[in-house]
Amino acid sequence: MPVSHVTQTGRSEVPDPAADTDPPQGRGGEHDRQPSRPGRSPRRSPRPLRWLLPSLLLSAGALLYAITFADPYALPATPPVQALLINSYDQRMRWVRDLTDAVEADLAPPGGNVLLRVENMDTKAVHDDAYFAAFAAMLRAKYATTRPALLLCSDDHALNFLRRYRDVLFPGVPVVFGGVNNFSPARIEGMPGVTGVTEEHYPYETAQFLLRAHTGVEELFIINDYTESGRSTAAELAEALRPLEGRVRLRWNADVPMSDLLRQVAALGPETAVLLGVYYSDATARVATYEEAGLRIASAARVPVYCIMGFNLSGNMVGGKLVNGQTQGRSMADLGRRILAGEDPAALPVRRGPGEFLFDYTQLHRWRIDEASLPPGSEVVERPFSLYRAYTREIHVIAGFVAAMFATVVALVIVMRHKARTEAELRKLRNLLANILDSMPSVVVGVSPEGRIIQWNRQAVRMSGVEPAAAMGRALDEVFPRLAPQLPRVREALDSQMPVRGERLVRTENGIPRYEDVTVFPLAANGMEGAVIRLDDVTERERVREMMIQTERMLSVGGLAAGMAHEINNPLGGILQAVQNVLRRIEPGRPANEEAARSMGCTVEQVRDYLERRGVLRMAAGVREAGLRAARIVSNMLNFSRRSTSSHVECDIGALVANAVELAASDYSFRENHDFRKLRVELLVPPDLPKPACLPTEVEQVLLNLLRNAAQALAGFTPAGGAPPTITVRAECIPDGVAVSVTDNGPGMPPEVRARVFDPFYTTRPPGDGTGLGLSVAFFIITQNHKGTFTVASEPGQGTTFTFTLPLGPAS
């Protein structure tokens, strides 16, 4: 081929910005193409299906097993490693799609331990130094906290990019390249940890077959465009076809408009055949996809048209020894798997890109080419196929199994119904979780860096009166002015990527101060920037804190220790029981443990081995030992503070009432704040009252709390009619036990107070005068420890009566 044809530009080309510092690139890859239109992929001829029947039966059984026993919540055994694939071009190109799909299918299949990330450079549009630097900056920001374990790159620009920036962005990460043209070891000189697959073309092998199949051919009309990629390919083709000189004439297309080229192709005589290299742009710079250009050229020709690229095998194209993105991707994935398995990239030589003989069935018959004459290993695509004619006997045999398969279908229906019910439960659970999140007591507002609202939960609606549809996109200071001062903290949180706490806010609601804490969380997900502002009402917590501080100052050490012991004992028992159950769940030899481990694909011994290595068993033993120690401490505190046994015994209610009154009269807090002797106390306890089984100290505690409350209610209050302040303790027999009531003629309670009187930490007294726990603890003692009832009757100005019952029963 004349040299002038190979080097003629036809129009200006953009120089390679890496040419000054990198080894020669060759061309940018014949896959450096414009977006390709969707085209049908070659349909390959089916293999013999003589094993169709066994395969169908085995597939049905495997499907039934997978549906029945698959765990939908199963997770990979270990965290996935990340691999990053950088394509020189974009996913609209069929070469890139095929290569990417092959890499993902072989290297990172679903359920595997490799997570494939893909970045497309789109260097067909631009590939200068500034663009490479900007792309590198984007990768540096995007992968600042995520270091891939493997880098893959396709085509020349991506390899040149990694040659320049790999040691800056991902130092030491091994590289697997593919689709690189005119490769020489100098391309990766000075780049340790690099191997890959070259892109090789096979025009000579294709031409050899063409001349054997078409004995009358005297001339090859070779078509390439005159882009940088086309000129590079033309040079490669000229060198590969040089041995054919003298045997057949080699003629090259000129750089002309597509319409002129099509007229030249249509005018070719029977002594000529066409070999298509790479073509997508004509002399007028009109751009078409490689697939479209190939279809138009093959359609215009009245002679055989062969090609060197797999994506051109369609329409009237005969075929040849082709290179395609799938084989490149599979080879790259194989090298990547070996590197991730621990092999040294330096020990893996660069592979020569594979090619395979592919031919179109229709064109073989059009040009009367016998399939027996095809090269060994050839594959025929787009072959017409009749399932019935090819597999009549197998189909008849399968028909005999319809009855058996019907039973399988019934079983599948049952399984699918079960699956549908499970999915319905999952949807119900998702809805429940959504409702829980939406009903959180905190105000949750998402804002953009500019202060625009991007999230608005139901509590925010309640606090502001603005519905989400009206709030979204508006400025925060317009919708929720109280949160406007938090906007500077949004930028602070974004800059630091750490939560930022704002100043406590104070507002007044119905004349009562309410305290609110503000926390700003940075939001960085899916490329979105902003922050989440959470507003928590901490009024009750603040009130409890103040009450506990005052209570801590006023309670005696003994009373506080006894109360702590009682309150700690129950959760402590739960902790010990939970630790014991955890240890039992991982004991070998228990059928339930073995079954659960088997369903997760492991054994109990493996679980124990993992927990032992991670120190979990040692931690659990430590929790159990600490719990037992705490239990002993609690037991000692109880023994020190209480005066009688903790077992249920038959109790004399009259004696318990008398003891409680005596304790109330001598209690320090009463002598300090209330003169109990000024109160009139009436005891109405029959001497023949039945003796219920109870815990004497706990019942005394209940009576003491009721007497304290009654005395505090009467403090400073003058009953109507000049009656003296009176507390009446009455006990009487009821059908199922004994009822004890404590009545005062104090001011009584309004309905809203009466409704919350048994709530923990609820008190009407100022901070420091009480904890709000007395009645809630008393309610728990009666209803839970003694299986009795506890009620209150009160009206404003008519006093209050608390009544509890103790059922009769044998002492235990």
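**Group meeting: a walk through some loops and helices**

Hi everyone! Let's start with Asp122, which is partly exposed, with a relative accessible area of 24%. That figure falls in the partly exposed class because buried means under 20% and exposed means over 50%. Before I go on, please keep in mind that this is a predicted model.

Where does Asp122 lie? You will find Asp122 in the loop between strand S2 (114-120) and helix H4 (129-142). Its backbone is worth a look too: Asp122 is not a glycine, yet it has a positive phi of about 55°.

Lys787 sits in the loop between helix H28 (774-785) and strand S24 (790-794). Is Lys787 buried or exposed? With a relative accessibility of 62%, Lys787 counts as exposed.

Next, the helices. Which residues of H8 are buried? In helix H8, which covers residues 258-266, they are Met258, Leu261, Leu262 and Val265. Looking down the axis of H8, you would see these buried residues fall within an arc of 100°, so they line one face of the helix. Here is a rule to remember: an α-helix has 3.6 residues a turn, so residues three or four places apart point the same way.

And what covers that buried face? Strand S6 (219-223) and helix H9 (290-300) are among the elements covering the buried residues of H8.

Let's follow H9, then. Its buried residues are Tyr290, Glu291, Glu292, Ala293, Gly294, Ile297 and Ala298. They pack against helix H3 (94-107), S6, H8, strand S8 (272-276) and strand S9 (305-307).

Val397, Phe401 and Met405 make a nonpolar surface patch of about 200 Å². Of these, Met405 belongs to helix H14 (residues 402-438), and at 31% relative accessibility it counts as partly exposed.

Last stop: cysteines. A disulfide is a covalent bond between the sulfur atoms of two cysteines. How many disulfides are there here? The count is zero.

Key: Residues numbered from 1 in each chain as written. Predicted model: local features only at pLDDT ≥ 70, side-chain atom pairs only at ≥ 80, totals over all residues. Heavy atoms only, no water. Buried < 20%, exposed > 50% of the residue type's maximum accessible area, 1.4 Å probe, protein only. Helix = DSSP H or I, 4+ residues; strand = E, 2+ residues; numbered from the N terminus. Arc of directions from axis to C-beta. Contact = heavy atoms within 4.5 Å. Disulfide = S-S within 2.5 Å. Patch = residues over 30% accessible without salt bridge, like charges linked within 9 Å, V, L, I, M, F, W, Y side chains within 5 Å. Areas by Shrake-Rupley, 256 points an atom, 1.4 Å probe, with all protein chains shown as cover. Salt bridge = Lys/Arg side-chain N within 4 Å of Asp/Glu carboxyl O.
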